[in-house]
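Student: Hi! Could you walk me through a few pieces of this protein?

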Amino acid sequence: MDPKHLFIICLLLLVLQYTSGLEAEKIPNHSQGQAYPLVVATWPFKDAVRAAWRSVHEKGSSAVDAVIDGCFACEELRCDGTVGPGGSPDENGETTLDALIMNGTTMEVGAVAGMRFVKDGIKAAKLVMDHTEHTLLVGEMASVFAISMGLPGPTNLNSSESIEIWTNWKRNQCQPNFRKNVFPEDSCGPYHLRDKKLNSCREDEGKLKLHSNLVDRHNHDTISMAVIDKWGRIAVGTSTNGATFKIPGRVGDGPIAGSSAYADDEVGTCGATGDGDVMMRFLPCYQVVESMRQGMEPQRAASDAILRIARKFPSFVGAVVAVNRNGVHAGACHGWTFQYSVMNSTLDDVEIITVVP
């Protein structure tokens, strides 16, 4: 072969190899060991996971749209009474909503917190992401924005069940509640600062209540759902009506990026549920993703994030589920037995994974 021709062929091969390398840098390698699309969600919310699966697998939706479809289904079903309207009344008997959506490709986030009068939390969060430069809108003005963008409202978010729960709580002198270091302790208020001069240290210690007593499986369920679509893109979302009998105005971890959820196409994703007032102080999902970025496997990353919280708050209850970019998933929990749901093309139906403390 003519040396000139051989040189040209070699040069072309080098160019092809270089351009292929550039494409490989743009698209993360998700090919090792796990089939996807993939849907993972906290708790055995099977119908919500099926809705997301139909969206991402059958319709070919993006990861973001599949998360919206799955969380919206949970809101419509009022999963466990802790997602969507009609549950978890606050001290005034009102139900409000928190929700978040995060795009792991663009790192965009949209969220609403303490939203009143609008029942579609996850759709409102997506409107924030798609149509504002903001990340989080709160309270009644979040409702005004959502309605102005086309969501139905104003809507009464209470239900006969939530009103009954609240009425029984009032009859029980508003016990338990989230107040501390106030008086009166054993009634519905109005509350005032306690005069510590009138109480000895010993008396104060005897009256302290464990925060964990206010948190259990049926009043702190957040759906946190992650999806990897057929292109390997990752998104995560959350929806919740918050803690039962919360002080009006309280915002939990649900709409806080890095706490209840976090996603990055280059690494993976995480969802959390539990005592949001404690967990949000540690940003456990951001911690999980960053640990996986440093090379930790999902199981170790999840356990490490939970242990960081437990060392400071031994009585807290909560859980995280970690998913790396290849779809390998694992959960960790503290203070309760946790379950999460998984669906991918290797399964005939949603699989429930049980995680023990």
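Tutor: Happy to; we'll look at one strand and its partners, then at some helix packing.

Student: Before we start, what kind of model is this?

Tutor: This is a predicted model.

Student: In what sense does β10 pair with β11, parallel or antiparallel?

Tutor: Antiparallel, over seven bridges, with β10 covering residues 268-274. For a spot to look at, Ala-272 is opposite Val-320 of β11.

Student: How many bridges link β11 and β12?

Tutor: Six, and that pairing is in the antiparallel sense, with β12 running over residues 329-334. If you want a pair to click on, Val-321 has Gly-331 in β12 as its bridge partner.

Student: What about the hairpin of β11 and β12: how many residues are between the strands?

Tutor: Four residues, and Gly-327 in that hairpin takes a positive phi near 90°.

Student: Nice. Switching to helices: at what angle do α2 and α3 pack?

Tutor: About 150°, with the axes of α2 (residues 46-58) and α3 (residues 63-77) 8 Å apart. Angles over 145 degrees count as roughly antiparallel, so α2 and α3 are roughly antiparallel to each other.

Student: Is the crossing of α2 past α3 left-handed or right-handed?

Tutor: Right-handed.

Student: Which residues meet there, between α2 and α3?

Tutor: From α2 you have Asp-47, Ala-48, Ala-51, Ala-52, Ser-55 and Val-56. On the α3 side they meet Asp-65, Ala-66, Asp-69, Gly-70, Ala-73, Cys-74 and Leu-77. By class, that contact of α2 with α3 divides into eight nonpolar, two polar and three charged residues.

Student: Then α3 and α4: how do the axes cross?

Tutor: The axes cross at roughly 150° and come within 8 Å, with α4 being residues 121-131. That angle makes α3 roughly antiparallel to α4.

Student: Which residues of α3 meet α4, and what classes are in the contact?

Tutor: In α3, Val-64, Asp-65, Ile-68, Cys-71, Phe-72 and Glu-75 meet Gly-121, Ile-122, Lys-123, Lys-126 and Met-129 of α4. The contact of α3 with α4 has six nonpolar, one polar and four charged residues.

Notes:
Residues numbered from 1 in each chain as written. Predicted model: local features only at pLDDT ≥ 70, side-chain atom pairs only at ≥ 80, totals over all residues. Heavy atoms only, no water. Pairing = 2+ DSSP bridges. Helix = DSSP H or I, 4+ residues; strand = E, 2+ residues; numbered from the N terminus. Axes fitted to C-alpha atoms, helices over the stretch in contact; angles between N-to-C directions. Parallel < 35°, antiparallel > 145°, perpendicular 65-115°, else oblique. Left-handed = near helix turned anticlockwise from the far one by under 90°. Contact = heavy atoms within 4.5 Å. Nonpolar A, V, L, I, M, F, W, Y, C, P; charged D, E, K, R; others polar.
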